[in-house]
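Student: I would like to learn how to read salt bridges. Can we work through an example together?

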Amino acid sequence: MTAGNKFIYKVKLDSAADIFNFVKAAASCPFDVEVVNGRHRLNAKSYMGVMLAKTSWEEIYVTADSDCYFEFEDFIC
């Protein structure tokens, strides 16, 4: 899905292993990747940031300037 010039997908992270693999996938992207919820934005390449998002937010979305579907397809719901 796109929003403006950004690609955005809702993701589901159920376990610490999911978070670890999600951050690993984000780190492999050569572009900026963020997790967002409303006005809140955190770096998706940061394990602590994604962990904070998981514990604090009800819904988590991943957003990037380039299409990142295949990097995160295991987590997209």
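Tutor: Start with D65. D65 is partly exposed, at 42% relative accessible area. That label lies between buried (under 20% relative accessible area) and exposed (over 50%), using a 1.4 Å probe and protein chains only. Note that this is a predicted model: local features need pLDDT of at least 70, side-chain atom pairs count only at pLDDT 80 or more, and totals for chains, interfaces and linings use all residues. Residues are numbered from 1 along each chain as its sequence is written, and side-chain values use heavy atoms, leaving out hydrogens and water.

Student: How many salt bridges does the structure hold?

Tutor: The general idea: side chains of opposite charge can pair when their charged atoms come close. A salt bridge is a side-chain nitrogen of Lys or Arg within 4 Å of a carboxyl oxygen of Asp or Glu. This structure holds 3.

Student: Which residue forms a salt bridge with D65?

Tutor: K6 does, with the closest N and O atoms 2.9 Å apart. D65 sits in the loop between β5 (60–64) and α3 (69–72), while K6 is in strand β2 (residues 6–11). They are 59 residues apart, so the pair links distant parts of the chain. Helices (H or I, at least four residues) and strands (E, at least two) are DSSP runs, numbered from the N terminus. K6 is partly exposed too, at 27%.

Student: Which side chain does K10 meet in a salt bridge?

Tutor: That of E59, at 3.2 Å from N to O. K10 lies in strand β2, and E59 in the loop between α2 (47–56) and β5.

Student: And E34?

Tutor: E34 meets R41 at 2.9 Å, N to O. E34 is partly exposed at 25%, and R41 at 47%.
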